[in-house]
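Please examine the model displayed below.

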Amino acid sequence: FIIVGIVSFGCYLLGVNYMNIQSENDLGMYLAGAFGGITQHSMILGPLSAFGAIYLISQLLTEHFERPISYLMWGAFFLCVISTLISASRGALICAVMGILIILFFKYKGNMGKFVRRILLIVIMLTACYPLYSNFASGVIQKQKANEESGSTFSSRDEKWTNRTAEFESSPILGIGFASISLDTTEASAGMTQMQGVVEPGSTWLAILSMTGIVGAIPFYILVFGTLWKLYQTTRESNMMQYALLFALLSSNILHQFAEGYALAGGSYLCYYFWLLLGVCLSSLSYDYGEELITEI
């Protein structure tokens, strides 16, 4: 993810874009949401760069690196953040901020005054340095303005969320079926699903409800949010930053899936990453609980 963020930033400067876009304008890749860097889509570049930034800040705050390495890692961190910005993914940006705040919270949880001072310092630095990165943030700002002009902050997702809710209400127990949307929705009537051969649910948590109903949603929610809760408890009790990193990454991923639906999208890299991350979290918890039990015996 770190490599994706760094290389994609270089691609942005060089005018290289692997996202498939159709634009007669030579500057098409610099339009909001039209730059994917070395990934296939801006909505993939955004979260991958965000997760890379979360990992880097965790390492920088918990490990002691020599100065040359430390400077390189801070540089990589800022480039990953900038790649998140130029992807124009508001969800990914929010996830990056959330993950970084979680890392800072667990790092300074024994000294909340220091935690608050660190946050204030970051806010002051971001405000002072805004002219330096304002061009990179223009896509996010354009998207936000467009959504507000359309009626709300989440206008780009309102239709999908409404459709998923209606589908769940039509079949609350078993859902309408895996990888399906109702033919009565505006998405189906627009013909986009038939032309592209894909389903874009707009939210994993609503897609689980609409596709699999209560029967499928309950065990899925228990699995994901139960793992998150166990990670939080373990991090709080053990004060081990490796658990804080897993908690930050899983929390950010869960938050991101409120606006993107890929947990059931086999073939999607973000789907693969989500299940891999969840498996790592579960195996880490199981391993340490097992070691603790062996020690007691």
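**Helix packing and model confidence**

Thr 84 lies in helix α3, which spans residues 67-86; helices (H or I, at least four residues) are DSSP runs, numbered from the N terminus. The model is a predicted one, in which local features need pLDDT of at least 70 and side-chain atom pairs count only at pLDDT 80 or more, whereas totals for chains, interfaces and linings use all residues. Residues are numbered from 1 along each chain as its sequence is written, and side-chain values use heavy atoms, with hydrogens and water left out.

Thr 84 has a relative accessible area of 1% and is therefore buried (under 20% relative accessible area; exposed is over 50% and partly exposed in between, with a 1.4 Å probe and protein chains only). Leaving aside residues up to four places away in sequence, Thr 84 touches Gly 46, Ser 49, Ala 50, Ser 89, Ala 92 and Leu 93, contact meaning heavy atoms within 4.5 Å.

Ala 92 also belongs to the contact between α4 and α12. Helix α4 (residues 90-107) packs against α12 at an angle of about 155°, their axes being 9 Å apart; axes are lines fitted to C-alpha atoms, for helices over the stretch in contact, and angles run from 0 to 180 degrees between N-to-C directions. The two helices are therefore roughly antiparallel, a term for angles over 145 degrees. Among the contributors to this contact are Cys 95, Met 98 and Phe 106 of α4, together with Met 241, Phe 247 and His 256 of α12.

Helix α12 itself comprises 16 residues, 241-256, and reaches 22 Å from its first C-alpha to its last, close to the 22 Å expected at 1.5 Å a residue (1.5 Å times one less than the number of residues). Of its 16 residues, 14 are buried, so that α12 is mostly covered. Glu 63 is placed in the loop between α2 (42-62) and α3 and is partly exposed, at 41% relative accessible area.

Helix α4 packs also with α5 (residues 112-128), at an angle of about 150° and with the axes 9 Å apart. Here Leu 101, Leu 104 and Phe 105 of α4 meet Met 112, Phe 115, Ile 119 and Ile 122 of α5.

The protein averages a pLDDT of 85, and 87% of the residues score at least 70; pLDDT is the predictor's confidence in each residue, from 0 to 100. Where pLDDT is low, the predicted coordinates should not be read in detail.

Notes:
Parallel < 35°, antiparallel > 145°, perpendicular 65-115°, else oblique.
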